[in-house]
Amino acid sequence: MNRKSIYGRTAGKIGCYAALLILAVIFVFPLYWFFLNSFKSYEQLFQYPPKFWVWPFRFANYLEAYKYPAFDFGQMMKNSAIITITSVIGAVLSSSVVAFGFSRIRWRGRDQVFVLVILTMIIPTEIVLTPLYLIYSKLGLLNTWFPVIAPFFFAKPFYTFMLRQSMMGIPVEMDESAIVDGCTVWQRFTHIILPQVKPTVFAVIIMAMQDQWNNYLEPLIFINSNSKQTISVGLTFFSGMNATEWNLVFAGAVMVALPILIIFVFFQKYFIQGVVVSGVKG
């Protein structure tokens, strides 16, 4: 290999890394600015030219936002945590069982029904909200957590698709061996299939947590009591109360975003692996 080609390859690598660095800065900067504003005083927010670093940090913003009068920040965070954890359990249980039925059990019309399930993904949520509201109203379930949690116990189509694709990559011979050994259908699911799709299960857990934690529309429509409301809706009310105290609004938004961000940072390896595996069909 001559010196010219070596220099050319090195220059190409430097250019690629430089481009990636520039793109990283572009995408990370809004997040940095978001966190930085949560540590500023009100006056610092509107300084011109803006400062890209402040010291000392104003940690009091978080305490003031958390203990803001007429707004129970802690209770709404607790509500969102309970709703999210319950929804994640429902999403994993229901979607994995349905995915197992679509991937490892043969029955007439299986693939056609699966296509219909996938097609439901194109139906906008707003279309079904009115009939759902009427149903829940007749059943006396308005202003409860049930309308917000229940959909996650009925196998969300996208979660089912991911798990089904991952399960399809497992050799059929494993099922045949399990049947010869006397395993029931449930034992095949819990002891053989499910342990092998753990990365996809982790991906579903992360996506379900994000979907429910950030869920805004359903809690806004079905829940009208502040004591039962979620933090995603409560944050909107909080920003309305603080039309002039934007530093507290930023602090409140950071507290809402931080749990999901921390979970994604620690489990991103499993999330990426699960997404990749679910796209490979055996």
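Figure 1. Ser41 is buried, at a relative accessible area of 16% (buried is under 20% relative accessible area, exposed over 50% and partly exposed in between, with a 1.4 Å probe and protein chains only). The model is predicted: local features need pLDDT of at least 70, side-chain atom pairs count only at pLDDT 80 or more, and totals for chains, interfaces and linings use all residues. Residues are numbered from 1 along each chain as its sequence is written, and side-chain values use heavy atoms, with hydrogens and water left out. Ser41 sits in the loop between helix H1 (3-37) and helix H2 (42-45); helices here are DSSP runs of H or I with at least four residues, numbered from the N terminus. Apart from neighbours within four places in sequence, Ser41 is in contact with Arg58 and Asn247, where contact means heavy atoms within 4.5 Å.

**Figure 2. The salt bridge between Arg58 and Glu64.** The side chains of Arg58 and Glu64 form a salt bridge with an N to O distance of 3.2 Å (a side-chain nitrogen of Lys or Arg within 4 Å of a carboxyl oxygen of Asp or Glu). Both ends are partly exposed: Arg58 has 30% relative accessibility, and Glu64 has 33%. By this rule the count is 3 salt bridges.

**Figure 3. The network of Arg110, Asp111 and Arg164.** Salt bridges link Arg110, Asp111 and Arg164 in a network. Arg110 meets Asp111 at 3.4 Å, N to O, while in the pair of Arg164 and Asp111 the closest N and O atoms are 3.8 Å apart. Because Arg164 belongs to helix H8 and Asp111 to helix H5 (residues 110-119), the latter pair ties together parts 53 residues apart in sequence. Arg110 is buried at 9% relative accessible area and Arg164 is buried at 7% relative accessibility, whereas Asp111 is partly exposed at 40%. Side chains of opposite charge can pair when their charged atoms come close.

**Figure 4. The largest nonpolar core.** This core has 40 residues, and Phe73, Tyr159, Met167 and Ile231 have the most contacts inside it. A nonpolar core is a set of buried Ala, Val, Leu, Ile, Met, Phe, Trp, Tyr and Cys residues joined through side-chain atoms within 4.5 Å. Helices that each supply at least two of its residues include H4 (73-103), H8 (157-168) and H14 (246-278). The largest share, 8 residues, comes from H4. Leaving aside neighbours within four places in sequence, the contacts of Met167 include Ser96, Phe100, Phe189 and Ile193. In soluble globular proteins, nonpolar side chains tend to be buried together.

**Figure 5. The largest pocket.** The volume of the largest pocket is about 780 Å³, taken as the space filled by probe spheres set on grid points joined across faces, edges and corners. On a 1 Å grid over the protein atoms alone, a pocket is an open set of points where a 1.4 Å probe fits, with protein on both sides within 12 Å along at least five of seven lines; lining residues have an atom within 4 Å of a point. The lining has 24 residues, with Thr125, Pro151, Lys156, Pro157 and Glu218 nearest the centre. Helix H6 (125-138), helix H7 (146-149), H8 and helix H12 (217-222) give two or more residues to the lining, and H6 gives the most, with 4 residues.
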